[in-house]
Amino acid sequence: MESIGVLLVAQVIPYLEQELEKRYKLFRVWEYPQLPIEHANSIRAVVGNASAGANAALIEALPKLEIVSSFSVGVDMIDLDTCKEKGIRVTNTPDVLTEEVADLSIGLMLALLRRICQCDRYVRAGNWKKGDFKLTTKFSGKTVGIIGLGRIGEAVAKRAEGFNCPICYYSRTEKRDSKYKYYPNVVELASNCDILVVACPLTKETHHIINREVINALGPKGYLINIGRGKHVDEAELVSALQDGRLGGAGLDVFENEPVVPEELFGLENVVLLPHVGSGTIETRHAMADLVLGNLEAHFLGKPLLTPLV
Amino acid sequence: MAEKKQTLPRVLVVGPPTCFATLQPLYSHKFHFIHFEPYALSLSLQNFLHHHCPFSIPAILCSSNYSLSAHLLRLLPDLRLVVTTSAGTDHIDLRECRRRGIQVAAAGHLFSQDVADMAVALLIDVMRKISAADRCLRTHNLNNTPWDLFTFGSKLSGKRIGIIGLGSVGMEVAKRLGSFGCIILYNSKHKKATVSYPFYSSVVELATNCDALVVCCALNEQTKHIINREVILALGKGRFIVNVGRGGLIDEKQLVKCLREGEIGGAALDVFENEPYVPEELRAMNNVVLSPHCAAFTAESLMNLCELVAGNLEAFFLNKPLITPVMLPE
């Protein structure tokens, strides 16, 4: 297997990198500003993550490419159409990170409404001696609206129900056997919930699905939680709405141009900012790595892929 | 107007409790509130009563910040009712109240959901490093350093959670964590026949068998320092403790020592042994989440609390049963 060329296009956990190194001839894209032709011709697999995958240009440059295995569940950084055209397989890491991301979503909601980060700052700065912290907003019983009722959306709903939160959702098609209330568009969903969660894949259709209209519908007592992709949200509009007080608050794990976070957000106390840690535990990243390795192994042994998308 | 006030039932308000700013305008037409601000005036109750309060006091309203010891209670010979704005009653000498026939009303289950929400909020935060990450981004991100270098958290879903105290708050915590697929174990004064969660009579054994402990029981003689060094070590490396009960439930010195020495993974605390003082060492640690005893302080709870306090006072002065009476010990 050592002669199989694998191109690593993003930073992954050491465990995955080491295993790829052991099993294949591993090329790290950052070590080759210009990939020599003889290497390009030996590359049969690309391993990427949430921030880097395989666009049309890269696919063209790797004539022997057979499979793109993403160390993420979102594949918006992979040109799926081009892969389909050329018969290139694509795999991702569903299921193993569902619970982790859903846990974090609830954590963001709680941190935002109950001002946990500010509480912590208050105590650390020694301000408690001067007086009590102010009142925050109750979380239990608030209506949670979910965009995308897939694996992660359902897991978020199940957890929010433990807090007596009514659940409603928007998705491309209504889920006939769902017990949750369906809204046919995002603006209506935003108008009818207290906390709006983005949990759908990023596609051309869902780019900037959170725009000014949706933000205004959510309103000064509404909260946005983004655990999808930064590009789901019109970030400039979001920042402006938060500064104007047109939106109650936002909990963000992802940003349009990671690792850049709009500086205006740093001074706001009604936001919680996280560095894309949705799946960020050793346990889950290991499970994701095993899926990447398992998919590659299955492919090169001519066996059925574990989690194919294309 | 002043004369009319003299005929209204009298309530000595100590503190005042945070909710009083909202309570007073709503109910000053029903009760004659007499203010005693011990912290502002540096005055003892004895001096205050002697110099500023010629009335007999039948009822007192306080928060958990003010200790109603037997000594203080004896300064009020006509006292028949204590109303505290807290769910906890460890600041009141309940035995003395029983001896004197003084009724006590507390907050009952009013705050249980908010406190349970806070317990889960603190648990997710310390396990997934939410506050730490937010803090890091706000202070270090100006260099736009790569994010894959941020230290990983610990998974919550499916983990074994030991709840100390399965009362109203404990049950709400169990329900919430149950929806994360967590396995709930508990220790309580008595095993509860109506729940199927595994019961542990030994707190050490419970700690040995879980990934995180959530402390939500009342503070009394039996539960003081229920979380001691032995329990913390039994919980072990990489594991977590959350406290939304009272500071006195945990041996704070030992907790700090164990955190410093890496004997446990982290702690999230809403309460401390000597509020509002929090050990400086804790305030500098990255694997702790600290909050200023505000688990019950939501805007929603405030309104409910005002209604409840007024309701208890009203019931008392009309010789009706209290809404949320506290059972007094023998």
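1. Helix H1 (residues 14-23) of chain A, in this predicted model, has four names on its buried list: Leu16(A), Glu17(A), Glu19(A) and Leu20(A). Viewed along the axis of H1(A), the buried residues span an arc of 165°, so they line one face of the helix. An α-helix has 3.6 residues a turn, so residues three or four places apart point the same way. Pro14(A) and Lys22(A) are exposed and sit on the face of H1(A) turned away from the buried side.

2. What do the buried residues of H1(A) pack against? Their partners in chain A are strand S1 (5-8), strand S2 (25-28), strand S3 (43-48) and H11.

3. H11 of chain A covers residues 282-300 and includes Asn295(A). Is Asn295(A) buried or exposed? Asn295(A) has 0% relative accessibility and therefore counts as buried. Setting aside neighbours within four places in sequence, the contacts of Asn295(A) are Ile67(A), Ser69(A), Thr91(A), Asn92(A), Leu305(A), Leu306(A) and Thr307(A).

4. The largest nonpolar core contains 157 residues. Helix H7 (residues 112-128) of chain B provides the largest share of the core, eleven residues. In chain A, domain 1 (5-96 + 283-300) and domain 2 (98-273) both contribute residues to this core, so it lies between them.

5. Leu177(B) can be followed residue by residue. Not counting residues up to four places away in sequence, Leu177(B) touches Val120(B), Leu123(B), Leu156(B), Ile161(B), Cys182(B) and Ile184(B). Another core, of 34 residues, lies apart from the largest one; its members include Cys200(A), Val214(A), Leu224(A) and Leu137(B).

6. How many residues of chain B are in contact with chain A? The count is 61 residues of chain B, against 65 residues of chain A. Between the two chains about 5,400 Å² is buried, with carbon and sulfur atoms giving 60% of that area. Of the area that chain B buries against chain A, 15% is supplied by Arg128(B), Arg138(B) and Trp147(B), more than by any other three residues.

7. Seven salt bridges are found across the interface of chain B and chain A. A salt bridge also joins the side chains of Glu283(A) and Lys159(B), at 3.5 Å from N to O.

8. Within chain A, the domain assignment gives domain 1 (5-96 + 283-300) and domain 2 (98-273). The C-alpha centres of these two domains are 31 Å apart. Contact between them involves ten residues of domain 1 and seven residues of domain 2.

9. The area buried between domain 1 and domain 2 of chain A is about 660 Å², 42% of it on carbon and sulfur atoms. Which residues of domain 1 of chain A lose the most area to domain 2? They are Asp76(A), Asp95(A) and Thr284(A), which together make up 57% of what the domain 1 side buries.

10. Two salt bridges are counted between domain 1 and domain 2 of chain A. Asp76(A), already listed for its lost area, forms a salt bridge with Arg229(A), with the closest N and O atoms 3.0 Å apart.

Definitions and conventions:
Residues are numbered from 1 along each chain as its sequence is written. Chains are lettered from A and ligands numbered from 1 in the order in which they are written. This is a predicted model: local features need pLDDT of at least 70, side-chain atom pairs count only at pLDDT 80 or more; totals for chains, interfaces and linings use all residues. Side-chain values use heavy atoms; hydrogens and water are left out. Helices (H or I, at least four residues) and strands (E, at least two) are DSSP runs, numbered from the N terminus. Buried means under 20% relative accessible area, exposed over 50%, partly exposed in between (1.4 Å probe, protein chains only). Contact means heavy atoms within 4.5 Å. A nonpolar core is a set of buried Ala, Val, Leu, Ile, Met, Phe, Trp, Tyr and Cys residues joined through side-chain atoms within 4.5 Å. Domain bounds come from an automatic or database domain assignment. The arc is that of the directions from the helix axis to the C-beta atoms. Buried area is the accessible area (1.4 Å probe) that two parts lose on being put together, summed over both. A salt bridge is a side-chain nitrogen of Lys or Arg within 4 Å of a carboxyl oxygen of Asp or Glu.
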